[in-house]
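Dear colleague,

Please find below the structure that I am handing over to you. My notes on it come after it.

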Amino acid sequence: MRLFEELGVSAQILQALKQMGFEEATPIQESTIPLLMTGKDVIGQAQTGTGKTAAFGIPMIEKLSRDENYVQGLVVAPTRELAVQVAEELNRVGQVKGIRALPIYGGQEIGRQIKALRANPQIVSGTPGRLLDHIRRRTLRLDGIKMVVLDEADEMLNMGFIEDIEAILKEVPQERQTLLFSATMPAPIRKLGERFMKEPEMVKIEAKEMTVDLTDQCYIEVLERKKFDILCNMLDIHSPELAIVFGRTKKRVDEVFEALQKRGYSAEALHGDLTQSRRDQVMRRFKQNRVDILVATDVAARGLDISGVTHVYNFDIPQDPESYVHRVGRTGRAGKTGEAITFVTSREMDHLRLIETSIRKKIQRRQAPTLTDALMGQQQTAVEKLLESIERQDYLEYQETSRQLLEEHDSTALVAAALKMITKEPVTIPVSITEHAPLRSKKTQQSSWKGGSKSGGGYKGKSSGSSGGGGYKGKSTGGYKGKSTGTGGYKGKSSERSQRDGNYSRSRKPEDGSRGSRWE
Ligand SMILES: Nc1ncnc2c1ncn2[C@@H]1O[C@H](COP(=O)(O)OP(=O)(O)OP(=O)(O)O)[C@@H](O)[C@H]1O
Ligand SMILES: [Mg+2]
């Protein structure tokens with residue numbers, strides 16, 4: 001790893017980076033920053049959570065001038081939350097130089113955005129639909145753009161977005177610098193992107209696996225109708241600091257969220273059918289740790305950087321390997337550890353194998369935890385609380401009563417009763433979750449973009465180590481503590497109904513407010 005000083009970063013920006021706690025450059029930053037300073041077009045690929053935002057953000061800010069009052073830098077992102085997050089990070093870096101980034105996204109009042117655009121931000125970070133809206137209204141002019149970034153580029157160049165991207169890039173001067181960044185970059189999509197670039201340089205931070213090795217990954221073979229109880233058991237065992245549960249459809253997300261609430265978990269839902277103010281509120285609550293569990297569609301799969309996410313649960317197996325990589329990548333970021341658990345029904349096992357092949361990693365099988373395991377897990381949490389209290393010695397005024405009790409009662413009985421009182425025993429209130437048909441195997445699925453299969457290809461790089469390293473602050477995410485009594489029996493024929501709700505044929509486009517969402 002190298003210091004930012006060695007990469008030609010100016011003193012002003014160095015100061016900002018120091019304030020942000022960035023001491024050394026990550027591998028993708030080390031490779032792309034000097035290259036971008038020379039004006040090259042770059043395709044940057046590196047694992048999730050390894051600092052791609054600053055990899056394009058730092059050179060962008062270095063190159064822009066605060067004295068010119070028009071938009072000079074443009075970042076296009078697939079979701080509103082990501083557009084906002086990127087603008088925030090660019091603002092943190094650019095502040096010292098007087099460079100401002102403005103997020104522009106669907107669902108927010110357009111008048112307010114027009115006003116903010118009039119204040120001449122140097123950078124705009126937006127979602128395609130709303131950007132086009134402003135371009136058409138002539139409230140956003142792109143003729144002064146020097147640098148364009150497609151963040152989550154493979155997603156942006158997917159069928160659902162490509163036309164919008166083409167329309168936006170038409171407005172940007174030819175002599176611009178064009179950058180594509182993502183953790184995944186299937187070869188055919190990369191080729192598509194190269195059409196918009198000039199002699200692009202490919203910077204790929206090779207790693208043995210597609211996913212970050214700080215994240216422990218496993219799958220559990222489950223019956224569709226058992227998923228929710230197993231999820232609850234796992235939550236009780238893990239007691240995650242923050243967790244994201246991914247569901248396949250909006251309806252699914254709503255149902256799981258409501259069921260979690262019914263059982264007393266602190267959860268919120270995020271998907272494209274919510275109003276923007278609701279989405280903002282949910283994100284705020286989750287980031288501030290006021291809610292523990294975010295149940296979300298793939299709208300939360302890409303790019304979101306929320307510190308404290310220790311667990312990702314794929315309630316439904318993701319549609320494609322890329323989605324798996326990005327979902328799992330919401331934990332294990334910036335050197336922290338994480339754990340990712342995927343539920344797979346017996347008929348989806350082929351799909352899991354496909355994901356394993358694509359990401360070049362064997363995902364470990366685990367037994368489904370039982371209710372007994374869940375109780376043991378919650379007891380463990382109670383014990384930890386008790387021990388922490390002893391460490392803090394904040395029980396002094398209870399000591400006298402304790403002594404008296406010990407004279408009259410058995411000590412084991414006393415501690416057990418106290419433990420029972422502080423243990424949150426697993427709740428088994430019945431809930432109703434509509435059963436989903438299993439995900440169709442990739443073999444029978446139409447590829448989601450023109451020109452060939454998205455699966456496979458492009459992930460063959462040799463290992464040369466990646467970033468990561470450094471302080472593991474996350475909670476221990478080890479295996480189940482309670483005894484696993486494994487309920488087995490998931491191998492027989494599934495009795496899942498073949499009832500469908502027609503949600504599988506969705507186009508892969510994240511919602512972008514103004515134009516009706518097609519992304520679940
Ligand atoms: N050089 C650095 N030193 C320390 N922390 C860093 C550094 N660069 C970035 N970070 C932090 O690491 C986290 C992940 O960065 P970022 O969101 O840019 O990752 P990413 O590669 O874009 O991931 P994804 O593929 O999920 O979008 C952020 O919190 C960011 O502030
Ligand atoms: Mg990113």
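This is a predicted model: local features need pLDDT of at least 70, side-chain atom pairs count only at pLDDT 80 or more; totals for chains, interfaces and linings use all residues.

Residues are numbered from 1 along each chain as its sequence is written, chains are lettered from A and ligands numbered from 1 in the order in which they are written, and side-chain values use heavy atoms, with hydrogens and water left out.

**The ligand and its surroundings**

Ligand 1 is surrounded by 19 residues, of which the closest are Glu24, Lys52, Thr53, Asp305 and Arg333. A residue is near a molecule if one of its heavy atoms lies within 4 Å of it.

An N or O atom in the side chain of threonine 53 is 2.6 Å from an oxygen atom of ligand 1. For arginine 330, a polar side-chain atom lies 2.9 Å from an oxygen atom of the ligand. Glycine 51 takes part through a polar backbone atom, 3.2 Å from an oxygen atom of ligand 1. On its own, ligand 1 has 640 Å² of accessible area, and the protein covers 87% of this. Accessible areas come from the Shrake-Rupley method with a 1.4 Å probe; for residues, only the protein chains shown count as cover.

**Aromatic pairs**

The structure holds two aromatic pairs. Rings of Phe, Tyr and Trp (its six-membered ring) pair if their centres lie within 6.5 Å; planes under 30 degrees apart count as stacked, over 60 as edge-to-face and the rest as tilted.

One pair is formed by phenylalanine 56 and phenylalanine 181, tilted, at 5.3 Å centre to centre and with 55° between the planes. Phenylalanine 56 belongs to helix α3 (residues 52–63) and phenylalanine 181 to strand β6 (residues 177–182), so the pair ties together parts that are 125 residues apart in sequence. Helices (H or I, at least four residues) and strands (E, at least two) are DSSP runs, numbered from the N terminus. Phenylalanine 56 and phenylalanine 181 are both buried. Buried means under 20% relative accessible area, exposed over 50%, and partly exposed in between (1.4 Å probe, protein chains only).

Phenylalanine 315 and phenylalanine 343 also pair: their ring centres are 5.9 Å apart and their planes stand at 55°, so this pair is tilted. The pair links distant parts of the chain, 28 residues apart, with phenylalanine 315 in the loop between β12 (309–314) and α13 (321–328) and phenylalanine 343 in strand β13 (residues 338–344). Phenylalanine 315 is buried at a relative accessible area of 2%, and phenylalanine 343 is buried at 1%.

Glutamine 47 sits in the loop between β1 (42–45) and α3. Its relative accessibility is 9%, so glutamine 47 counts as buried. The side chain of glutamine 47 comes to 3.0 Å from the backbone oxygen of threonine 211.

Threonine 32 is part of helix α2 (residues 27–37) and is buried, with a relative accessible area of 0%. Its side chain reaches the backbone oxygen of isoleucine 28 at 2.6 Å.

**Positive phi values**

Alanine 334 has a positive phi of about 50° although it is not a glycine. It lies in the loop between α13 and β13 and is exposed, with a relative accessible area of 68%. Glutamine 393, likewise a residue other than glycine, has a positive phi near 50°. Its place is in the loop between α15 (371–392) and α16 (399–408), and at 48% relative accessibility glutamine 393 counts as partly exposed.

Yours sincerely

Conventions
A polar contact is a pair of N or O atoms within 3.5 Å; within protein, one must be able to donate a hydrogen and the other to accept it, and residues adjacent in sequence count only if both atoms are side-chain atoms.
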